[in-house]
Amino acid sequence: MSDEPLQEFSLQLLREGNGAEVARLVDTYSAQIYRLALKMLSNPQDAEDVLQNTFMKALQALPNFEGRSSLSTWLYRIAVNEALMSIRRSKPEVDVTLKTDDGDEEDLLLTSFTDWCCLPEGELMSSEALHYLDKAVQELPEKLRIVFILRDLEGLSIRETGQALSLTETTVKTRLLRARLKLREMLSAYYGERLPLE
Amino acid sequence: MKDNLNCGAFLEEISDYVDGVLGEALCAEIERHIADCDDCRVVVDTLKKTIYLYHETSSARTEIPTDVRSRLFRRLSLDDFIETKHL
């Protein structure tokens with residue numbers, strides 16, 4: 001998804017503000033930026049603000065873009081920062097510092113060993129279940145959530161996720177593991193209740 | 001989970017295991033462990049299913065609503081390019 005060769009876009013035209021090239025950039029990446037913002041903020045108005053601010057800042061910053069990451073990873077990076085600022089404004093009590101490693105070394109705790117894989121697809125993907133899947137992601141701590149969204153929902157590689165968040169690959173892997181296991185616990189509680197009684 | 005040191009070590013590798021990026025030797029070791037440890041087998045199966053469900057549901061990609069796109073183009077002074085999608 002994000003491995004696009006840079007030559008697909010002319011950086012020179014983008015930097016010159018060429019309307020057609022800028023429009024192409026926006027149409028290519030706006031859906032993924034909007035989706036990311038929606039997943040992070042769960043509020044369409046805030047997501048739209050993040051979308052607009054991301055492209056405004058990206059266009060201003062294009063002269064300094066050095067191409068060390070792909071354009072899409074670079075845009076994700078700006079969007080993540082915008083979304084984190086939005087969260088800080090609306091929920092100042094929430095810790096959204098991605099850099100600290102608090103909790104990264106905590107023991108992994110598993111409490112559920114119920115096998116719910118046998119549930120029919122209709123049950124696993126019911127509209128109620130889909131709502132629960134979203135809710136479970138929202139309940140993840142911020143720094144686990146953002147890694148999970150970029151890696152597992154948006155399909156970035158570990159390396160790209162690290163670049164977008166300015167984190168090492170080791171930290172991305174650690175947080176991804178914790179995010180996935182926490183979600184597995186939550187889904188096990190939800191789907192476990194839907195298993196037929198033996 | 002069985003009181004077995006292998007379970008803890010296994011858990012640290014489980015994410016790479018389900019992503020299929022572990023080396024062959026470690027993979028084989030994990031598969032031997034799963035064959036003997038029912039709790040860890042359930043954790044692997046339900047973790048794979050968890051990731052599968054999120055992949056499946058996120059692949060129904062959200063498109064950007066038309067009005068959101070129009071406002072974005074106006075904010076970027078791209079009014080002349082609103083009518084046609086440039087992909």
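**View 1. Chain A is built from nine helices and zero strands.** Here helices (H or I, at least four residues) and strands (E, at least two) are DSSP runs, numbered from the N terminus. This is a predicted model, in which local features need pLDDT of at least 70, side-chain atom pairs count only at pLDDT 80 or more, and totals for chains, interfaces and linings use all residues. Residues are numbered from 1 along each chain as its sequence is written, while chains are lettered from A and ligands numbered from 1 in the order in which they are written.

**View 2. Helices α2(A) and α7(A) cross at roughly 140°.** Look for residues 19-41 (α2) and 142-153 (α7) of chain A, whose axes come within 10 Å. Axes are lines fitted to C-alpha atoms, for helices over the stretch in contact, with angles from 0 to 180 degrees between N-to-C directions.

**View 3. Residues of α2(A) meet residues of α7(A).** On the α2(A) side are L36(A), K39(A) and M40(A), and on the α7(A) side I146(A), I149(A) and L153(A). A contact means C-beta atoms, placed from the backbone, within 7 Å. Five of these residues are nonpolar, none polar and one charged (Ala, Val, Leu, Ile, Met, Phe, Trp, Tyr, Cys and Pro are nonpolar; Asp, Glu, Lys and Arg charged; the others, Gly among them, polar).

**View 4. Chain A meets chain B through 38 residues of chain A and 32 residues of chain B.** On the side of chain A, α2(A) gives the largest share, 13 residues. That side has 24 nonpolar, five polar and nine charged residues.

Methods
Contact = placed C-beta atoms within 7 Å.
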